[in-house]
Amino acid sequence: QNVADKLLSLDAAFATSAGGLTEGLKRVTGVAAEAGLSFDETAAALTALKQVTGRSEAVLGNSLKSIFTSLQSEKIQKDLRSIGVETVDTNGEFRNLIPVINDLSQAFKGLSDTQKAAVTQRVAGKYQANAFQGLLTAFDGGQFEKALSVSQNADGSAQKRLDAISKTTEAGLQRLSNNVTKLGSTLGDSLGKPFVDKVAGY
């Protein structure tokens, strides 16, 4: 499936933009891939976090990079196991971070405020604390699942809509240029030419 269409579909369905998502993904895709995340999962996490925090996708991309890196460390995984979040499967292999984060979002609700603060500090530190809590909220609130579904089910329709809009806009500008040129001829060069030159150079 076309990556551009996935981004355009997320753009159409959520308060984000394809351009913003591109900037955010540039910052986190490498780390996310190492953690076993697919493109759809990474884009959905970024989109969902944007809905919860309202911060720019570029900033959130850096936040996710930091959080994903932290969650893969042995020290943090030990901390997670202490609150009932398993980080390895029955074969001893590291689990994909998506189910780990989902489990963490559920376990987090049962912690005391002191425990929540401690986990947040350990995983995200001072500077990414809000993003970390926003990520858990996005998973618990269903925003991640919704964004994941949109990205996975992108079928090319968003790209087709964009192409149609682009063609319509281009045709409209060309008609405007032609009409202004005709108007210039009617009014005479002394009055119409300066305006024609300006519009014709759109």
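Buried residues account for 40% of the 202 residues in the protein chain. The model is a predicted one. Its chain holds 11 helices and 0 strands. Read along the sequence, the pattern is therefore α-α-α-α-α-α-α-α-α-α-α.

Start with a buried residue. Leu80 lies in helix α5. Its relative accessible area is 1%. Buried means under 20%, so Leu80 counts as buried. What surrounds Leu80, once its neighbours within four places in sequence are left aside? Leu80 is in contact with Leu71, Val85, Thr87, Val100 and Leu104. Ala107 gives a further reference point for this residue. Leu80 and Ala107 are 27 residues apart in sequence, and their C-alpha atoms are 9.4 Å apart in space.

Now take an exposed residue. Lys146 is placed in helix α9. Its relative accessibility is 53%. The cut-off for exposed is over 50%, so Lys146 counts as exposed. Lys146 and Phe14 are 132 residues apart in sequence. In space, the distance between them is 9.7 Å, C-alpha to C-alpha.

Next comes the packing of helices. Two packed helices are described by the angle between their axes and the distance between the axes. Helix α3 covers residues 39-53, and helix α9 covers residues 143-152. Their axes come within 8 Å and cross at roughly 135°. That angle makes α3 oblique to α9. The crossing of α3 past α9 is right-handed. On the α3 side, the contact involves Asp40, Glu41, Ala44, Ala45, Thr47, Ala48 and Val52. On the α9 side, the residues are Gln143, Phe144, Ala147, Leu148, Ser151 and Gln152. By class, this contact of α3 with α9 has 7 nonpolar, 4 polar and 2 charged residues.

Helix α3 has another contact to follow, with helix α4 (residues 57-71). The axes of α3 and α4 come within 10 Å and cross at roughly 115°. Here too, α3 passes α4 in a right-handed crossing. From α3, the contact uses Ala45, Leu46, Leu49, Lys50 and Thr53. From α4, it uses Glu57, Leu60, Gly61 and Leu64. The residues of the contact of α3 with α4 divide into 5 nonpolar, 2 polar and 2 charged. Ala45 of α3 is listed in the contact with α9 and in the contact with α4.

Turn now to charged pairs. Side chains of opposite charge can pair when their charged atoms come close. How many salt bridges does a search of the whole structure find? The search finds 6.

Lys26 and Glu23 meet through their side chains in a salt bridge, at 3.1 Å from N to O. A pair counts within 4 Å, so this distance meets the cut-off. Both residues lie in helix α2 (residues 18-34). They are 3 residues apart, about one turn of the helix. Lys26 is exposed, at a relative accessible area of 59%. Glu23 is partly exposed, at 32%. The pair also belongs to a network of salt bridges that links Glu23, Lys26 and Arg27.

Another pair spans the chain. The side chains of Arg122 and Asp79 meet in a salt bridge at 2.7 Å, N to O. This pair links distant parts of the chain, with Arg122 in helix α7 (residues 113-124) and Asp79 in helix α5 (residues 74-82). They are 43 residues apart. Are these residues buried or partly exposed? Arg122 counts as partly exposed at 44% relative accessibility. Asp79 also counts as partly exposed, at 22%.

Arg95 has 23% relative accessibility and counts as partly exposed. Asp103, at 30%, is partly exposed too.

How values were computed
Residues are numbered from 1 along each chain as its sequence is written. This is a predicted model: local features need pLDDT of at least 70, side-chain atom pairs count only at pLDDT 80 or more; totals for chains, interfaces and linings use all residues. Side-chain values use heavy atoms; hydrogens and water are left out. Helices (H or I, at least four residues) and strands (E, at least two) are DSSP runs, numbered from the N terminus. Buried means under 20% relative accessible area, exposed over 50%, partly exposed in between (1.4 Å probe, protein chains only). Axes are lines fitted to C-alpha atoms, for helices over the stretch in contact, and angles run from 0 to 180 degrees between N-to-C directions. Angles under 35 degrees count as roughly parallel, over 145 as roughly antiparallel, 65 to 115 as roughly perpendicular and the rest as oblique. A crossing is left-handed if the near helix is turned anticlockwise from the far one by less than a right angle, and right-handed if clockwise. Contact means heavy atoms within 4.5 Å. Ala, Val, Leu, Ile, Met, Phe, Trp, Tyr, Cys and Pro count as nonpolar, Asp, Glu, Lys and Arg as charged, and the others, Gly among them, as polar.
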